[in-house]
Amino acid sequence: RYTAQRYRENPIVVGYDLMCEPNANEVGGYPATDPLDIWDPEAFHDQYGGTLYDWNQLYPRIVAAIREVDPQTPILVGGMGYSAVEWLPYLEPVDDPRVVYTVHQYEPYVYTHQEPPDLANTYPGTFDADWDGEPDTVDRTWLDDLLGPVDDFRAQHSVPVAVNEFGLMRWEPGAAAFMEDQMDLFEERGLNYALWLWETSWKPYTEEVNAFNFRFGPDPDNTMEVPSDLMDVITTYWSRNTLRP
């Protein structure tokens, strides 16, 4: 409530993101108790739905407090499981037309977060994408199916959904093709989306932490801006923007 009262008239505040990647399914009450480490949303909600581990018990109270002082500014709410797409169906929407439900999309993690020199998985390609021990064909169809819960959630609840984080490490094999398919699928659905890039002007940090700085190209050792196919894809889709909010 205090935050909303302070920033409600600030013209550069476009929304309140209540919590980045709620994750009680992993941490539980740690360190007071052992971590829960539950990654199946159905299993988690069967056991802990309605308890204080359940984000649905807290976020509506925050929304209500904000609305006491600010009825207009949009509120962004991601689901449990670090806001992964598969956890979105377990969010319980509130009666507020200016709440936007959000997901973070980094799947398949075993591809998007490969560290050099171990870059065995490519896009498109065949590999175990979901840790079930079986190979998966990971391509545009796979990504389209992955976003199915977003389609269902919007249709069921008639609410807006946005992707407020997505991306991959800049050196992944086939990164440009992956980004092309993913951004195109977002556009097909009319989803607003925000590319993950943790950037800073502090050079020592930039030289050390730059896996998502797409300006540096695919060479892990490069820390200077260079042209790349991945940047070409990003700027091509960004060029569709014709209005600034």
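Which residue of β7 does V163 stand opposite? V163 stands opposite Y193. The model is predicted: local features need pLDDT of at least 70, side-chain atom pairs count only at pLDDT 80 or more, and totals for chains, interfaces and linings use all residues. Residues are numbered from 1 along each chain as its sequence is written, and side-chain values use heavy atoms, with hydrogens and water left out.

**Sheet**
- Five strands form an open sheet in the order β1-β2-β3-β6-β7, with parallel pairing; the edge strands, each pairing on one side only, are β1 (16-17) and β7 (192-193).
- Strand β6 (residues 161-166) pairs with β7 in the parallel sense over two bridges.
- Strands are DSSP runs of E with at least two residues, helices are runs of H or I with at least four residues, and both are numbered from the N terminus; two strands pair if DSSP finds at least two bridges between them.

**Residue P22**
- P22 lies in the loop between β1 and α2 (24-27).
- P22 is buried, with a relative accessible area of 2% (buried means under 20% relative accessible area, with a 1.4 Å probe and protein chains only).
- Leaving aside neighbours within four places in sequence, P22 is in contact with W55, G78, G79, M80, G81, Y82 and S83, where contact means heavy atoms within 4.5 Å.
- P22 and V77 are 55 residues apart in sequence and 9.6 Å apart in space, C-alpha to C-alpha.

Key. Buried < 20%, exposed > 50% of the residue type's maximum accessible area, 1.4 Å probe, protein only.
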